2 protein chains.
Amino acid sequence: MAVERRNPIKVNEAIERVMTYKREGSISYVPIEQSYGNFLGEDLIADHPIPPFDRSPYDGFAIQSGDTIDASRGNPLVFEVIGEIGAGSVFTNTVGKMQAVRIMTGAQIPDDCDAVVMLEVVKELEDGGKSYFELKRSIENGDNISFTGEDTEAGTVLAAKGTHINPGVVALLATFGYKNVPVSVKPKIGIIATGSELLALDEPLQPGKIRNSNAYMTYSQILRAGGEPIYFGQFNDDLDTCFEQVQAAFEEVDLLITTGGVSVGDFDYLPAIYERLNANVLFNKIGMRPGSVTTVAEKDGKLLFGLSGNPSACYVGFELFTRPIIRTYLHSDAPFLKKEIAFLGADFPKANPFDRFVRGHLTYKEGKMIATPVGLDKSNVVTSLADANVLIVLPGGTRGYEQGMEVAIILLEDQEGATFNHFTWNDINSRRSHRHV
Amino acid sequence: MAVERRNPIKVNEAIERVMTYKREGSISYVPIEQSYGNFLGEDLIADHPIPPFDRSPYDGFAIQSGDTIDASRGNPLVFEVIGEIGAGSVFTNTVGKMQAVRIMTGAQIPDDCDAVVMLEVVKELEDGGKSYFELKRSIENGDNISFTGEDTEAGTVLAAKGTHINPGVVALLATFGYKNVPVSVKPKIGIIATGSELLALDEPLQPGKIRNSNAYMTYSQILRAGGEPIYFGQFNDDLDTCFEQVQAAFEEVDLLITTGGVSVGDFDYLPAIYERLNANVLFNKIGMRPGSVTTVAEKDGKLLFGLSGNPSACYVGFELFTRPIIRTYLHSDAPFLKKEIAFLGADFPKANPFDRFVRGHLTYKEGKMIATPVGLDKSNVVTSLADANVLIVLPGGTRGYEQGMEVAIILLEDQEGATFNHFTWNDINSRRSHRHV
């Protein structure tokens, strides 16, 4: 019953050890309608310029600008309208001197013309069944023309592989003719829940027991991160059976997550299972709260994430260690959640020797980011997770934190991502002491 | 060929007119695994307290604190360990004076005990097959106990109906036994694309024509907003056929979006179609850029959104006018995208008489929000949409805007939402003049 000795490592070091085993997945094609929320499997490159031809951004008249030099309020000039071009049509006749073509928004500029006069600035006339307009100002060469390639040159990378496909990316995919879109294949991620205190969701409450929330929470975190979750159910209480369950699940997935069972308690089977699997334990103790018992092991290059059994430690462990592995699999070069600076929205008086990741709610006030801890911040508190949209990073030390101090935050709903060296915890530590004493 | 007169109304007024026709949808049940990304159909209420019983947050020994009063460094007391309780078990024997029960994290406190001693602060002993520990400090009544209801009392509303279901909400749903989750039924939203310049995605480029990006962009915006998109394809060029297509599609959906065809050009059929449908046109001109021709009509309480044919006007029109209708249908009381203040990241020198909604990219710098216009900000530019995560609101006026000025932004990826009166454009106008002259 003695406490097993474990050597805690730093969070940064833990992330680095995990990322040693990162690998990228394959790509597949889905119809563009199904692409939203997926991740680009390849760079999206413009295969033609945008606009693809010189076109009119307004309704108006295409003309030769040289004809307008003498036009003025005192000297209105009259142009003959010899035809019209709808968007999608091409005008093939010759446009002569003092002639014009009625042009619709988006239509291609006729070869003979070099400017467009907006509909609003002319006076339209009819005479003998012919159309004319009167112009009282001169027009410059190029006025009111969107030129070929003005938006984007052919060959431009418009979105890198691994990019989360949002509605704007879908617009680009459509523009460049991707009826089917190359998307990153999602990693299959197994979940096994452990803990003899866990009830299934449809079981009535019993003394001493709680319902299994971690498995479903993690399931949703996997979906948010871009993985394909597979829930293998709850562990059996017998070690031999457990071992077989883990071994079988591990074969079927790209990585396996267990929740609970990684402490040093008598019912914590995971350490024994890693040993029997001959898995290489990368670490089993991290100098952070919550989630200090988070364990990651590796076998044949495939990762096993032993997340803590308490909800917020489980949540934090997933976002810090599992998410970047998933996003790398999806081909992202910025697989980490974005870290930024915010102002603490409330005192956090209790000093703590360990680096803490406190669930927080981000709000904005006159352009500033305010991050406020939510709930009681006990690691077994589940209710505050619903409001959490950031993790507040509070480096360990001998003092607490005061409202208004600068703190690092990790944006939980962010899709842009960051590279790992965006900044380090040490930077934050020094910021903190420089900025506010 | 004369320009039809239209009376522009203010953006606020347009939103209000649309919201007159808001209505809420029904609810259905999905398995909890499928609930992520949906919207709560009912308030989520705690039907039992959390924790549901007094429990230990740590591994340790449950004791009667009164026995420890005299313990000190100079006077270590020895306790007999008479049993153990794993998480999920209940200890039913009596715990007597100077006795203790080994207790695991999460396990229920025995009836006779009122405190927990952490494993780390005792020295464990064995003698004659019995277990003991030595304690050198006194323990207070209630130490290291998570009390019933300390996190949440029974009856607390933990998340309101209409809330976007994130991993934290899923954890709550699991905790309260929702094997099946009541979610808001998504509104069916039809899309019809118009424009004779539009090519299907798999057609090769042709002179004067462009590929149809709006339909797919809008399709994804509907998904992001929480609707169920149905694409009815591109319009036929014949007005009678168009009318029949619109009428048939309108029957099948909760609301219908058309893209393009709302201007006053010769090929803009929508005005004629609204008339034939006997639809009530709420407005057909808004004092804003882009999207001034955005038209919304209503027939028998059902809405037709006539979005502009140019991509960024289409995008903005959807987010300002269609999204809040969708989120209201999903039972949200905060159906609008959140509006905040940010600092302009670049000069925007061109003065404009109209309120502008400029696509921007939000970044953060030392706790401040910086919103920078992306792309060329011409309304026909599609490439900048991929990077846009905010709309920058630039009220019309006689001056341009400078880097560093305060501007209002609308957060495009936000899931929390806002009520309409969060602030008004006028507030921003006055802010602007007060803050920066």
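Predicted model: local features only at pLDDT ≥ 70, side-chain atom pairs only at ≥ 80, totals over all residues.
## Buried cysteines

## No disulfides

How many disulfides are there over all chains? The count is zero. A:C242 shows why: the closest cysteine sulfur belongs to A:C314 and lies 17 Å from the sulfur of A:C242, too far for a bond. For a disulfide, the two sulfur atoms would have to be within 2.5 Å.

## The contact between the chains

Let's turn to where the chains meet. Chain A brings 87 residues to the contact, and chain B brings 87 residues as well. Together the two chains bury about 7,800 Å², with 60% of that area on carbon and sulfur atoms.

Two salt bridges are counted between chain A and chain B. One of them joins A:K179 to B:D202, with 3.9 Å between the closest N and O atoms. Polar contacts across this interface amount to 16 residue pairs, with both residues at pLDDT 80 or more.

## What chain A contributes

On the side of chain A that touches chain B, several elements supply at least two residues each, among them helix 3 (214-225), strand 21 (355-365) and helix 7 (425-435) of chain A. Which element gives the largest share of this side? That is helix 2 of chain A, with eight residues. Sorted by class, the side of chain A that touches chain B holds 41 nonpolar residues, along with 23 polar and 23 charged ones.

Technical notes. Residues numbered from 1 in each chain as written. Chains lettered and ligands numbered in written order. Heavy atoms only, no water. Contact = heavy atoms within 4.5 Å. Buried area = accessible area lost by both parts, 1.4 Å probe. Salt bridge = Lys/Arg side-chain N within 4 Å of Asp/Glu carboxyl O. Polar contact = N/O pair within 3.5 Å; in protein donor to acceptor, adjacent residues only side chain to side chain. Helix = DSSP H or I, 4+ residues; strand = E, 2+ residues; numbered from the N terminus. Nonpolar A, V, L, I, M, F, W, Y, C, P; charged D, E, K, R; others polar.
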